[in-house]
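Here is a short briefing for a reader new to this structure. Please look at the sequence and the model, then read on.

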Amino acid sequence: MMASRKIITSLLTALTLLFVVGLTYAETGVKGTAKADSLESCVAETPFMRRNHFELILHQRDITVHEGIRKTDDSLAGCVDCHARSDAAGKPVAVNAQGEFCAACHDQVAVSIDCFSCHTTIPGGE
Amino acid sequence: MSTQPDKGRRAFLGTAAGAAALTTVAPGVFLHATANAAPRADAVTDQVRWGMLIDTSKCADGCSDCVSACDKENGLDLMIKPEGATDEQWAQQKPRWIRSVTIKDNLTDRVTTLPMMCQHCEHPPCVDVCPTGASFRRDDGIVMVDRHTCIGCRYCMMACPYKARSFIHENIQLKETAAPRGKGCVESCNFCVHRLDDGGTTTACQDACEHEAIVFGDLKDPGSAVAQALQSYDSVQIRADLKLNTGVRYTKI
């Protein structure tokens with residue numbers, strides 16, 4: 001009896017903790033404010049993009065820097081332009097901010113990305 | 001089943017290649033015109049070499065319009081002094097793509113002011129010394145840093161006779177889309193490459209110079225303003241003794 005009560009208490013504590021942590025990491029971007037939200041898929045099918053977006057960006061970065069082709073289809077600027085959301089006041093929110101498009105998955109899978117130490121995180125730059 | 005290549009396919013490819021060669025070779029001027037109109041769809045070629053002629057007699061003493069236009073275009077004005085740095089340190093470390101240089105002939109006391117930036121050499125020392133291939137010369141003559149492969153060793157800064165390169169010492173908070181920038185990489189003038197790739201034909205410094213001291217264009221196009229100016233004026237390369245064949249030339253120094 002005591003044991004089960006202990007389990008229930010710890011479960012409740014865990015749930016409360018999860019809730020509190022969830023609140024602290026609340027998203028600041030408003031749902032539906034990114035251009036991508038109104039589109040059916042990205043430049044390729046969503047499952048493909050989930051697995052291969054980094055390959056596309058890596059390829060594009062070389063042809064942009066060395067060959068001067070800056071088409072926006074596979075460019076990082078294109079990603080940011082389409083996937084950045086706005087906050088309640090209409091101000092763009094960084095795509096790598098907690099809970100935003102890039103950070104949401106990368107934080108989950110603990111993959112640290114280096115794009116945004118140099119590249120801008122909001123459409124059109126700061 | 002035959003192992004011979006499909007002759008029909010081979011013949012077709014032959015004709016197609018011939019046709020392509022005709023369209024690219026014959027109307028060269030037409031191709032140049034279309035390249036200037038829209039964002040680039042094909043890789044840069046060595047049919048073009050971007051270059052600049054600076055008339056130092058038109059460059060006014062005390063004017064820094066080209067420097068501030070460059071700062072704005074390439075996001076250098078967004079940089080803020082790092083915490084804890086003194087004004088003096090910041091003045092030394094602040095990245096600069098164009099430096100306004102004043103020179104004086106001690107015999108005649110003649111003072112000349114000129115903008116000094118990456119000279120976009122044909123044989124760039126910065127490319128020679130780069131251990132990773134990050135410092136490179138694009139086919140159209142623009143010398144650039146591929147910051148994806150730059151490790152920040154700064155050999156290129158040592159090698160450059162023009163002191164054209166800057167190093168980013170601290171994390172950057174504010175960036176332009178067209179001018180990515182981050183801690184630990186070297187950078188320098190790239191002839192406003194984002195403008196050229198998007199079909200532009202001018203640089204920010206040239207647009208800002210109200211004295212018309214800067215002429216920019218394709219050195220290989222005999223009809224371009226810069227090629228014609230180079231033909232009519234006596235121009236020099238700075239440190240011509242190094243035989244780097246610079247893309248930036250000066251006149252009336």
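How many bridges join β1(B) to β8(B)? Five bridges join the two strands, which run antiparallel. This is a predicted model, in which local features need pLDDT of at least 70, side-chain atom pairs count only at pLDDT 80 or more, and totals for chains, interfaces and linings use all residues. Residues are numbered from 1 along each chain as its sequence is written, and chains are lettered from A and ligands numbered from 1 in the order in which they are written.

**The two chains**

- Chain A has four helices and zero strands. Helices are DSSP runs of H or I with at least four residues, strands are runs of E with at least two, and both are numbered from the N terminus.
- From the N terminus on, the order in chain A is α-α-α-α.
- Chain B has nine helices and ten strands.
- Of the 126 residues of chain A, 21% are buried. For chain B the share is 32% of 253 residues. Buried means that 20 or more other C-beta atoms lie within 10 Å of the residue's own; exposed means 12 or fewer, and partly exposed is in between, with C-beta atoms placed from the backbone.
- In chain A, 57% of the contacts with a separation of 6 or more come from residues 24 or more positions apart. In chain B, 64% of contacts between residues at least 6 apart join residues at least 24 apart. A contact means that two C-beta atoms, placed from the backbone, lie within 7 Å.

**Confidence**

- The predictor gives the complex an ipTM of 0.79 and a pTM of 0.79.
- Chain B has a mean pLDDT of 87, and 85% of its residues reach 70 or more. pLDDT is the predictor's confidence in each residue, from 0 to 100.
- Within chain B, helix α2(B) (residues 28-37) has the lowest confidence, at a mean of 42, while α5(B) has the highest, at 98.
- Over residues 14-36 of chain B the pLDDT is below 50, and this stretch has five contacts beyond near neighbours in sequence.
- Where pLDDT is low, the predicted coordinates should not be read in detail.

- Four strands of chain B form an open sheet in the order β8-β1-β10-β9, with mixed pairing. Strands pair if DSSP finds at least two bridges between them.
- The edge strands are β8 and β9 (235-236) of chain B, each pairing on one side only.
- Within the sheet, I54(B) stands opposite I214(B) in β8(B).
- The largest nonpolar core has 45 residues, and M52(B), I54(B), C70(B), C205(B) and I214(B) touch the most other members. Such a core is a set of buried Ala, Val, Leu, Ile, Met, Phe, Trp, Tyr and Cys residues joined through C-beta atoms within 7 Å.
- β1(B) gives the largest share of this core, four residues.
- M52(B) touches residues including I214(B), F216(B) and V248(B), leaving aside residues up to four places away in sequence.

**A hairpin in chain B**

- β2(B) (residues 99-104) and β3(B) (residues 111-116) pair in the antiparallel sense over six bridges.
- The two strands form a hairpin with six residues between them. In the turn, D109(B) has a positive phi of about 65 degrees.
- K104(B) stands opposite V111(B) in β3(B).
- Zero of the six residues of β2(B) are buried, so the strand lies largely in the open.

**A helix of chain A**

- In α3(A) (residues 76-83), the buried residues are L76(A), C79(A) and V80(A).
- Seen down the axis of α3(A), they fall within an arc of 95 degrees, so they line one face of the helix. The arc is that of the directions from the helix axis to the C-beta atoms.
- These buried residues pack against α2 (46-67) of chain A.

**Where the chains meet**

- The contact takes 22 residues from chain B and 16 residues from chain A.
- The side of chain B that touches chain A has eight nonpolar, four polar and ten charged residues. Ala, Val, Leu, Ile, Met, Phe, Trp, Tyr, Cys and Pro count as nonpolar, Asp, Glu, Lys and Arg as charged, and the others, Gly among them, as polar.
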